[in-house]
Amino acid sequence: MEETNSHLENMVTILSIDGGGVRGIIPSIILAFLESELQKLDGEHARIADYFDVVAGTSTGGLVTAMLTCPNQPNEKARPLFDAKDIKDFYVHECPNIFPQSSWKIWRYFVNKYRALKGPKYDAKYLHNLVKAKLGNTRLNQTLTNVVIPTFDIRTLQPTIFSNFQVKNTPSINALLADICISTTAAPTYLPPYYFQTKYVTGRPRQFNLIDGGVAANNPTLVAIGEVTKKLLKQEEKEENKADEKLQHYFPIKPMDYGKFLVISLGTGAPKNEMKYNANQAAKWGIFGWLTAKSSTPLVEVFTHASDDMTDLHISEVFQALHSEQNYLRIQEHNLSEKASSMDDSSDENLNRLVQIGENLLNKPLSRVNLKSGIFEPAVSEWKTNKDAITSFAKKLSQERARRRSPPHVIPPISKS
């Protein structure tokens, strides 16, 4: 059914990308299709960053977020550093260098066991150099649209959210985008924690001791919605402030008014329900088992997948309760094999497998979580497949962008200040 501009008035558009290591290939396929649909509607120069008020990402999703929103030059003609279609090739080419694999599987098994006792499996030197070379001196406040990237500070045991919305009041978080990406990808046992400082003219330097944002929010959708809501509530409190009038006009939004949000949330895949572990196995594990069983890291996988599903369940409940489920699109593969569910298997065989999974996911039936059972089931919707849903959302995004650019009320996207 075709949407009209009136149906989309005053929408807040959010794109969210989960963490998952090499499995970032899966959402990269979806993003490439989304951008191609936008280009069919608005021309070859259309880019994802042009259509979303907020792009959020955790861990590997944080890296993708930076690739989509980092400017390629420091002026008003800047475009995103990466086209969405190039992200898949980036992963396929660079993952073997970030997560180097031994060609001998038996030797790799014992090496991984040893590394789990001595320190992170990978030293991250290649990743650090790569990210710094690509993102350069770009800071958080210079992204082409608002970004929200969660990390976790192990010194304070508190989440640290890098958000454009907070830069004005908390300038110490205006860090280099490269430092933020390295931090949010520092998955415990896989990659080392990351330390850096931000320095400003006034006040002491702020220290960060950060690890992967997945320990707090592997699915950052709810964090992104929270950041926007906080921004708009503060705006409501300053109605007399003339400098903020454009936001007042644009977002007459009330607390938890999810009907005003248009959200695409992309997962990186989850294992089959019966596939991974069972209580009889886990009953025998000590620290060593929770870190190395079945050549993976059960402890990390448990808290990341739990975070994904709890977030999706909560958001699905709210959107359905408000009869706005057509405004929330969650695309996730729920049937990964044991090999495909690895966060760091960068073998050619597995990377090609992940590309195929992403391509197949486009043609799979749209699914939604059953709020009673918690199990994902085919959705009753006008959209038959994920591809259909993305095509529909592309039309909504295009119409919303056209509405903002149309006179007499030229309404800009939500500001970053």
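## An exposed loop residue

Let's start at the surface: Leu-157 counts as exposed, with a relative accessibility of 58%. For this and every later residue, exposed means over 50% relative accessible area, buried means under 20%, and partly exposed is in between, using a 1.4 Å probe and protein chains only. Leu-157 sits in the loop that runs between strand S3 (146-153) and strand S4 (158-163). Although Leu-157 is not a glycine, its phi is positive, at about 55 degrees.

This is a predicted model, in which local features need pLDDT of at least 70 and side-chain atom pairs count only at pLDDT 80 or more, while totals for chains, interfaces and linings use all residues. Residues are numbered from 1 along each chain as its sequence is written, and side-chain values use heavy atoms, with hydrogens and water left out.

## The whole protein

The protein has 15 helices and ten strands. These are DSSP runs numbered from the N terminus: helices are H or I with at least four residues, and strands are E with at least two. Of its 417 residues, 53% are counted as buried.

What share of the contacts with a separation of 6 or more comes from residues 24 or more positions apart? The share is 74%, where a contact means heavy atoms within 4.5 Å. The protein exposes about 19300 Å², and 54% of that is supplied by carbon and sulfur atoms. Accessible areas come from the Shrake-Rupley method with a 1.4 Å probe, and for residues only the protein chains shown count as cover.

## Ile-25 and Leu-351

Now for a pair of buried residues from two helices. Ile-25 belongs to helix H1, and Leu-351 to helix H14 (residues 348-362). Ile-25 is buried because its relative accessibility is 0%; Leu-351 is also buried, with a relative accessible area of 0%.

Not counting residues up to four places away in sequence, Ile-25 touches Lys-88, Tyr-91, Val-92, Leu-351, Leu-354 and Val-355. Leu-351 and Val-22 lie 329 residues apart in sequence, yet their C-alpha atoms are 7.6 Å apart in space.

Glu-37 is in helix H1 (residues 25-42) and counts as buried because its relative accessibility is 8%. Its side chain is joined to that of Lys-40 by a polar contact of 2.8 Å. A polar contact is a pair of N or O atoms within 3.5 Å; within protein, one must be able to donate a hydrogen and the other to accept it, and residues adjacent in sequence count only if both atoms are side-chain atoms. Apart from neighbours within four places in sequence, Glu-37 contacts Thr-391 and Ala-394.

Arg-404 lies in helix H15 (residues 386-405). With a relative accessible area of 9%, Arg-404 is buried. What does the side chain of Arg-404 reach at 3.1 Å? It is the backbone oxygen of Met-11. The side chain of Arg-404 also makes a polar contact of 3.0 Å with the side chain of Glu-400.

## How H3 meets H5

Two packed helices are described by the angle between their axes and the distance between the axes. Helix H3 (residues 87-98) packs against helix H5 (residues 125-135) at an angle of about 140 degrees, and the axes are 9 Å apart. The angle therefore makes H3 oblique to H5. Angles under 35 degrees count as roughly parallel, over 145 as roughly antiparallel, 65 to 115 as roughly perpendicular, and the rest as oblique.

On the H3 side, Phe-90, Glu-94, Asn-97 and Ile-98 meet Tyr-126, Leu-127, Leu-130 and Lys-134 of H5. Five residues of this contact are nonpolar, one is polar and two are charged.

Ser-59 is placed in the loop between strand S2 (54-57) and helix H2 (60-69). Is Ser-59 buried or exposed? With a relative accessible area of 4%, Ser-59 is buried. Ser-59 has a positive phi of about 55 degrees, although it is not a glycine.

Pro-365 is found in the loop between H14 and strand S9 (367-369), and counts as exposed at 51% relative accessibility. Pro-365 and Thr-385 are 20 residues apart in sequence, with 4.1 Å between their C-alpha atoms. Leaving aside neighbours within four places in sequence, Pro-365 is in contact with Lys-384, Thr-385 and Asn-386.

Definitions and conventions:
Axes are lines fitted to C-alpha atoms, for helices over the stretch in contact, and angles run from 0 to 180 degrees between N-to-C directions. Ala, Val, Leu, Ile, Met, Phe, Trp, Tyr, Cys and Pro count as nonpolar, Asp, Glu, Lys and Arg as charged, and the others, Gly among them, as polar.
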